[in-house]
Amino acid sequence: MAQATRQVKLTREGYERLQKTLDQEMARLAEATRILQEQMETNSDTEDTGLEDAKREKMNIEARIEELEDTLARATVIEDHEHDGRVELGAIVNLANETTKKDMKVQVVSAAEATVTGGSLPRVSEDSPVGKELMGRKKGESFVVNLDNGKQMKYKVKSIDY
């Protein structure tokens with residue numbers, strides 16, 4: 001239950017994407033409700049799977065709306081960064097993958113923000129293995145992430161921007 005009241009920190013862009021997603025889900029709910037109403041009025045067969053599918057789809061949309069509304073109600077938009085040169089939520093980090101010898105640029109965000117599609121950069125949740133290791137790091141620091149398959153990836157923080 002403590003999870004339900006936990007504050008969620010979001011970037012401005014992430015907050016706007018969540019709000020846009022909520023608006024889209026509300027439009028989907030109106031359409032799903034209309035379709036369900038039509039099927040209930042025209043269908044006399046009690047075993048029609050289309051009617052059950054429509055009910056299930058409407059319930060899934062309602063659950064997603066409830067989740068989005070809860071996240072937005074608990075959201076605090078990250079405005080100022082007092083990061084002292086360290087990685088915090090909202091940071092755009094240029095990482096060198098020392099295992100594959102490739103660079104990548106990611107934005108560190110909350111788990112709620114990481115699940116919403118859109119945005120210009122790949123997002124890494126603060127709760128992910130890479131995100132957990134990144135939080136609080138400074139430019140030039142290296143770290144190792146242990147993957148589920150037993151492999152390890154080594155990264156170096158090349159730059160941090162906000």
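This briefing covers the strand pairing and the salt bridges of one structure. The model is a predicted one, and every value below is computed from it. Its open sheet holds 5 strands in the order β5-β4-β3-β7-β6, with mixed pairing, and a search of the whole structure finds 15 salt bridges, among them one between Arg17 and Glu113.

**The sheet as a whole**

- Reading across the open sheet, the strand order is β5-β4-β3-β7-β6 and the pairing is mixed, with β5 and β6 (142–146) as the edge strands, each of which pairs on one side only.
- On average, neighbouring strands of this sheet are turned by 45° against each other, with direction ignored.
- Strands of a sheet pair through backbone hydrogen bonds, in either a parallel or an antiparallel arrangement.

**Pairing on the two sides of β4**

- Strand β3 (residues 92–97) and strand β4 (residues 102–109) run antiparallel and are joined by 6 bridges.

- The side chains of Arg17 and Glu113 meet in a salt bridge with an N to O distance of 3.7 Å, and because Arg17 lies in helix α2 (residues 12–42) whereas Glu113 lies in helix α4 (residues 111–114), the pair ties together parts that are 96 residues apart in sequence.
- Both partners are buried: Arg17 has a relative accessibility of 10%, and Glu113 has a relative accessible area of 1%.

**Salt bridges within a single helix**

- In helix α2, the side chains of Arg28 and Glu25 meet in a salt bridge at 3.1 Å, N to O, and these residues, being 3 apart in that helix, are separated by about one helical turn.
- The two partners fall into separate accessibility classes, since Arg28 is partly exposed with a relative accessible area of 39%, whereas Glu25 counts as buried at 10% relative accessibility.
- A salt bridge also forms between the side chains of Arg56 and Asp53, at 2.8 Å from N to O; Arg56 and Asp53 are 3 residues apart in helix α3 (residues 49–73), and are therefore separated by about one helical turn.
- In this pair Arg56 is partly exposed, with a relative accessible area of 45%, and Asp53 likewise counts as partly exposed, at 41% relative accessibility.

- Side chains of opposite charge can pair when their charged atoms come close.

How values were computed: Residues numbered from 1 in each chain as written. Predicted model: local features only at pLDDT ≥ 70, side-chain atom pairs only at ≥ 80, totals over all residues. Heavy atoms only, no water. Pairing = 2+ DSSP bridges. Helix = DSSP H or I, 4+ residues; strand = E, 2+ residues; numbered from the N terminus. Axes fitted to C-alpha atoms, helices over the stretch in contact; angles between N-to-C directions. Salt bridge = Lys/Arg side-chain N within 4 Å of Asp/Glu carboxyl O. Buried < 20%, exposed > 50% of the residue type's maximum accessible area, 1.4 Å probe, protein only.
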